[in-house]
Amino acid sequence: MDADDRIAITDLINLHGHLVDSGERYDALFTPDVEYDVSGLGGGVITGRAALWEAGLALGENNPVGHHVTNIVLTQVGPDEVTARSKAIGIMANGSCASLVYEDVVVRTPDGWLISRRAVVPRRRPLGR
């Protein structure tokens, strides 16, 4: 993974909040067969980009108004696969917020780097407890 790959992957992860918060399609973020694991939030694993889009629409007003990502750490797994771990803060319309961790698998595709798996892990207790 060279510097250009690192920039492209970091930009990809940062782009998530912009697209989701504005209600834009996010085909540029995820592989068509993405696995999006929201088990920690009371959901399950959503499989496929189309199903993920529909799940977001179904949440409607219950979606966060702000997805903010920071502390992105990348680890190369192979020439075309990277794991990414990042901190996330979700802001709801009523002002409440949640701290999360995104655990991603990012793969190089003909369309560039895309997220093939994301686990959304809520942080509810301090100091890793």
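Is Arg 118 buried or exposed? Arg 118 is buried, with a relative accessible area of 0% (buried means under 20%, exposed over 50%, partly exposed in between, with a 1.4 Å probe and protein chains only). The model is predicted: local features need pLDDT of at least 70, side-chain atom pairs count only at pLDDT 80 or more, and totals for chains, interfaces and linings use all residues. Residues are numbered from 1 along each chain as its sequence is written, and side-chain values use heavy atoms, leaving out hydrogens and water.

**Surroundings of Arg 118**
- Arg 118 sits in strand β6, residues 112-123 (strands are DSSP E runs of at least two residues, helices H or I runs of at least four, numbered from the N terminus).
- Its side chain makes a polar contact with the side chain of Asp 104 at 2.7 Å (a pair of N or O atoms within 3.5 Å; within protein, one must be able to donate a hydrogen and the other to accept it, and residues adjacent in sequence count only if both atoms are side-chain atoms).
- Beyond neighbours within four places in sequence, contacts of Arg 118 (heavy atoms within 4.5 Å) include Ile 13, His 16, Glu 35 and Tyr 102.

- Setting aside neighbours within four places in sequence, Leu 52 is in contact with Tyr 26, Phe 30, Val 34, Tyr 36 and Ile 46.
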